[in-house]
Amino acid sequence: MKQHVDKALSLRKWVQVGHHIPGRVRLKYTLGIVAHLARFRSNDIEQTLASIPAFKHYKLNPATGSVLIEYDEKTISPAWIDALFSGSESEAEQACYAIAERLNLTGESS
């Protein structure tokens, strides 16, 4: 669980919420991610996104500088997603643990 929380928290410094409706969030890259992403292959980025069980589907769009992430809003509270990407560090960490706990309870984290 800690591994998934750390990966999710590492994303927040590189993105900001562009648009969010329950079940779907579009994250815009910050300028700092361009240099950061240049050090990684596309597969590395996709593996990081795929390793976070709360994210059901995702799509990187370099042309718009965004990542579209879909999640199950019946399992994951949209407020947790907001806290993860828009809240304070402590709110983001609490949201990550709430998401991880919910996934553990529903058996979706495996």
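In this predicted model, Q16 stands opposite K28 of strand β2. A further facing pair is formed by H19 and R26, the latter again in β2. Strands β1 and β2 run antiparallel and are joined by six bridges. Together, β1 and β2 make a hairpin in which two residues separate the strands. Within the turn of this hairpin, G23 adopts a positive phi of about 95°. Strand β2 also pairs with β4, likewise in the antiparallel sense, over five bridges. In this second pairing, V25 is placed opposite I69 of β4. In a regular strand, side chains alternate between the two faces of the sheet.

The strands belong to a chain that contains five helices and four strands. Along the sequence these elements follow the pattern α-β-β-α-α-β-β-α-α. Of the 110 residues in the chain, 35% are buried. Among contacts with a separation of 6 or more, 57% are accounted for by residues 24 or more positions apart.

Strand β4 includes S66. With a relative accessible area of 0%, S66 falls below the 20% limit and is therefore buried. Two polar contacts of the S66 side chain were identified. One joins the side chain of S66 to that of R26 at 3.3 Å, and the other links the side chain of S66 to that of T64 at 2.7 Å. When neighbours within four places in sequence are left aside, S66 is in contact with R26, L27, K28, Y29, K59, L60 and N61.

The largest nonpolar core of the model comprises 24 residues. The residues with the most contacts inside this core are F55, I69, I76, I81 and F85. At least two core residues are supplied by each of α1 (2-11), β2 (24-29), β4 (66-70), α4 (78-86) and α5 (89-106). Helix α5 contributes the largest share, five residues. I69, already noted as the residue opposite V25, touches G23, R24, V25, L27, L49, F55, H57 and Y58 when residues up to four places away in sequence are not counted. These contacts include F55, which is also among the core residues with the most contacts.

The residues A92, A95, C96, I99, A100 and L103 of α5 are buried. Viewed down the axis of α5, the buried residues lie within an arc of 135°, and they therefore line one face of the helix. Q94 and L105 are exposed residues carried by the face of α5 that is turned away from the buried side.

A100 is one of the residues of helix α5. The relative accessible area of A100 is 12%, under the 20% limit, so A100 counts as buried. A100 and I76 are separated by 24 residues in sequence, and their C-alpha atoms lie 9.4 Å apart in space. I76 is itself among the residues with the most contacts inside the largest nonpolar core.

R12 is located in the loop between α1 and β1 (15-21). The relative accessible area of R12 is 13%, which is under the 20% limit, and R12 is therefore buried. A polar atom of the R12 side chain lies 2.6 Å from the backbone oxygen of L84. The side chain of R12 also joins that of E89 through a polar contact of 3.3 Å. Not counting residues up to four places away in sequence, R12 touches A83, L84, F85, S86, G87, S88, E89 and A92. Among these partners, F85 is one of the residues with the most contacts inside the largest nonpolar core, and A92 is one of the buried residues of α5.

Terms used
Residues are numbered from 1 along each chain as its sequence is written. This is a predicted model: local features need pLDDT of at least 70, side-chain atom pairs count only at pLDDT 80 or more; totals for chains, interfaces and linings use all residues. Side-chain values use heavy atoms; hydrogens and water are left out. A nonpolar core is a set of buried Ala, Val, Leu, Ile, Met, Phe, Trp, Tyr and Cys residues joined through side-chain atoms within 4.5 Å. Buried means under 20% relative accessible area, exposed over 50%, partly exposed in between (1.4 Å probe, protein chains only). Contact means heavy atoms within 4.5 Å. The arc is that of the directions from the helix axis to the C-beta atoms. A polar contact is a pair of N or O atoms within 3.5 Å; within protein, one must be able to donate a hydrogen and the other to accept it, and residues adjacent in sequence count only if both atoms are side-chain atoms. Two strands pair if DSSP finds at least two bridges between them.
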